[in-house]
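Colleague: I have a model open and would like to go through it with you. Can we start from the surface?

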Amino acid sequence: MATTEVITVQRRRKYHWPEAQLNFWLFIMLVSSAVILGVFAYLTSIQNSLKLGIPWILPYMITVSALCIIFIIILLGLISQRQLLPGVVVLGSFILFVLWLTGLIETSIQLYGPSGAVNSYCGSRPNTRAIDSMQTAVYLANLSICTDFRAAFAFEIVGTIFLLWMMVMAYQVNRDDFD
């Protein structure tokens, strides 16, 4: 009686990521996260030094941008081991997309919202007749805060769009739609 031996060969599926697009995405998201982390940490320190309350958006966006940087580091580790799976990228990008979109909505409310919004204080200029050093310092601090808030808002828009783009790109990689 002869024995029959069955040998099965399993191949790991290789995913082909578009290198230029992936590197561009990583760079832009790292820059966006770093800028938002820095701006909101700076605004938190200003609020602390003035002994004012801290709006929830400041620690929220610090945490979200730190999570995004950690996600990028994890992606870089997976890329270096050639184990970057589209499912991991879609899941992480979706979670971050929701967090970033929430921050974008609240930042827009804080910046352009009803009375008392940050943008309503951005147009005030010091009295040109009696300019003293304190008035100038207050004006420059106000201008700095306005510029920082606008920059954070712009980078939140970019980051939110790029997270959506990453979900689409990971879906295309999963379907092998790239040449």
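Colleague: Which residues form a nonpolar patch on the surface?

Modeller: Leu91, Phe94, Ile95 and Val98 do, and together they have about 370 Å² of accessible area. Accessible areas come from the Shrake-Rupley method with a 1.4 Å probe, and for residues only the protein chains shown count as cover. A patch takes residues with over 30% relative accessible area and no salt bridge; like charges are joined within 9 Å, and nonpolar side chains (Val, Leu, Ile, Met, Phe, Trp, Tyr) within 5 Å. A salt bridge here is a side-chain nitrogen of Lys or Arg within 4 Å of a carboxyl oxygen of Asp or Glu.

Colleague: Where is phenylalanine 94 found?

Modeller: Phenylalanine 94 is in helix H3, residues 86-112. Helices (H or I, at least four residues) and strands (E, at least two) are DSSP runs, numbered from the N terminus. With a relative accessible area of 45%, phenylalanine 94 is partly exposed. Buried means under 20% relative accessible area, exposed over 50%, and partly exposed in between, with a 1.4 Å probe and protein chains only.

Colleague: What should I know about the source?

Modeller: This is a predicted model, where local features need pLDDT of at least 70 and side-chain atom pairs count only at pLDDT 80 or more, while totals for chains, interfaces and linings use all residues. Residues are numbered from 1 along each chain as its sequence is written, and side-chain values use heavy atoms, with hydrogens and water left out.

Colleague: What pLDDT does the protein average?

Modeller: The average is 87, and 90% of the residues score at least 70. pLDDT is the predictor's confidence in each residue, from 0 to 100. Confidence is lowest in helix H4 (residues 133-175), with a mean of 88, and highest in helix H2 (residues 57-80), with 95.

Colleague: New topic. How many aromatic pairs are there?

Modeller: A search of the whole structure gives six. Rings of Phe, Tyr and Trp (its six-membered ring) pair if their centres lie within 6.5 Å; planes under 30 degrees apart are stacked, over 60 edge-to-face and the rest tilted.

Modeller: Start with phenylalanine 40 and phenylalanine 149: their ring centres are 6.0 Å apart and their planes at 80°, so the pair is edge-to-face. Phenylalanine 40 lies in helix H1 and phenylalanine 149 in helix H4, so the pair ties together parts 109 residues apart in sequence.

Colleague: Is phenylalanine 40 buried or exposed?

Modeller: Phenylalanine 40 is buried, at 0% relative accessibility. Phenylalanine 149 is buried too, at 7%. Another pair is tryptophan 56 with tyrosine 60, whose ring centres are 5.4 Å apart and whose planes are at 70°, so this one is also edge-to-face. Tryptophan 56 is partly exposed, at 45% relative accessibility.

Colleague: Which residues do ring pairs link into a cluster?

Modeller: Phe24, Phe162 and Trp165.

Colleague: What comes just after H1?

Modeller: Lysine 51, with a positive phi of about 55° although it is not a glycine. Lysine 51 sits in the loop between H1 and H2 and is exposed, with a relative accessible area of 74%. Arginine 82, in the loop between H2 and H3, has a positive phi near 55° and is not a glycine either. Arginine 82 is exposed, at 71% relative accessibility.
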